[in-house]
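Here is a short briefing on a ligand site.

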Amino acid sequence: MTLKSKNAIVTGSTSGIGLAYARALASEGANVMINGFGKAEDIEAERAKIESEFGVKAVYSPADMTKPDQIAGMVKQGVDAFGSVDILINNAGVQHVEPIETFPIDKWDQIIAINMSAAFHAMRAAIPGMKAKGWGRIISTASAHSLVASPFKSAYVTAKHGLVGLSKTAALELATHGVTVNCISPGYVWTPLVENQIPDTMKARGLTRDQVVNDVILSAQPTKQFVTVDQVAAIAVFLCSDSAAQITGANISVDGGWTAE
Ligand code: NAD
């Protein structure tokens with residue numbers, strides 16, 4: 001129970017990688033605030049399950065990551081519920097796959113807001129409390145697309161590269177305050193985000209579903225296997241440990257060798 005007495009917020013944790021982070025932190029004793037969209041009864045079931053399974057406090061914030069005031073409110077809700085926010089995981093993310101010349105402007109704005117600017121707003125609200133305690137962990141889910149590009153993912157690639165720049169800047173600002181700031185960059189992880197982009201990728205590239213899975217998605221990863229949500233969450237738990245106190249400003253790849261090529 002390395003994280004007993006720590007309090008965490010994980011954005012975009014009603015599903016996929018975020019839910020795995022929340023459950024992994026809770027399994028180490030941290031209280032967790034989950035956030036994201038979905039059916040109210042499903043979210044409540046996940047929240048209650050975290051409490052009963054791991055014996056921690058779990059609360060839910062419905063904050064929309066496109067809304068700066070709601071993001072600040074989420075951090076305040078965390079402080080009110082737990083007494084402090086020690087761990088912030090910026091994880092909410094969406095994708096849209098289309099060539100630049102027809103890429104919808106509202107999709108560009110939405111992806112930049114959720115995948116990049118939300119992390120700034122959450123850091124801005126959470127940093128004063130972490131500095132006051134002299135301890136904190138800020139982790140953001142970037143992507144292999146923070147290091148390399150793919151066609152038709154302009155907003156996503158831009159946001160993920162920006163997220164890494166933001167995290168490096170925060171790491172320098174907080175280096176003497178006991179607060180580390182890092183990114184985790186997964187390759188393809190089988191979650192609804194990947195499932196949902198298959199139809200658009202079929203359209204953008206003129207391929208069948210099997211061709212997209214095997215020739216576009218898994219062809220990017222030399223291991224030819226999907227990363228699992230638990231493999232990503234394990235890195236976050238490690239980054240929250242004292243063993244990782246000197247890891248800051250890093251961008252850790254969990255991508256089956258994708259960005260080695
Ligand atoms: P997912 O679709 O399973 O989960 C996304 C989460 O974000 C959900 O909880 C959703 O409700 C939430 N969300 C979406 N819009 C939101 C908003 N406006 N406000 C608050 N929450 C919102 O996707 P995932 O694959 O688990 O993705 C999680 C993160 O991991 C994203 O940042 C994504 O870019 C990143 N990532 C995913 C992969 C992958 O292959 N799945 C690879 C690299 C990086």
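In this predicted model, domain 1 (7-188 + 228-256) and domain 2 (190-226) both give residues to the shell around the ligand, so the ligand lies between the two domains. The ligand sits in the largest pocket.

**Shell**
- The ligand is surrounded by 30 residues.
- The closest are Thr-14, Ser-15, Tyr-156, Val-189 and Thr-191.
- By class, the shell holds 15 nonpolar residues, 13 polar ones and two charged ones.

- Val-189, one of the closest residues, has a backbone N or O atom 2.7 Å from an oxygen atom of the ligand.
- Phe-37 places a backbone N or O atom 2.8 Å from a ligand oxygen atom.
- For Met-65, a backbone N or O atom lies 2.8 Å from a nitrogen atom of the ligand.

**Cover**
- On its own, the ligand has 820 Å² of accessible area.
- The protein covers 93% of that area.

**Helices at the site**
- Which helix gives the most to the shell around the ligand? Helix 6 does, with three residues.

Technical notes. Residues numbered from 1 in each chain as written. Predicted model: local features only at pLDDT ≥ 70, side-chain atom pairs only at ≥ 80, totals over all residues. Heavy atoms only, no water. Near = heavy atom within 4 Å. Polar contact = N/O pair within 3.5 Å; in protein donor to acceptor, adjacent residues only side chain to side chain. Areas by Shrake-Rupley, 256 points an atom, 1.4 Å probe, with all protein chains shown as cover. 1 Å grid on protein atoms, 1.4 Å probe; cavity = no way out; pocket = protein on both sides within 12 Å on 5 of 7 lines; lining within 4 Å. Sits in = over half its atoms within 2 Å of the grid points. Helix = DSSP H or I, 4+ residues; strand = E, 2+ residues; numbered from the N terminus. Nonpolar A, V, L, I, M, F, W, Y, C, P; charged D, E, K, R; others polar. Domains from an automatic or database assignment.
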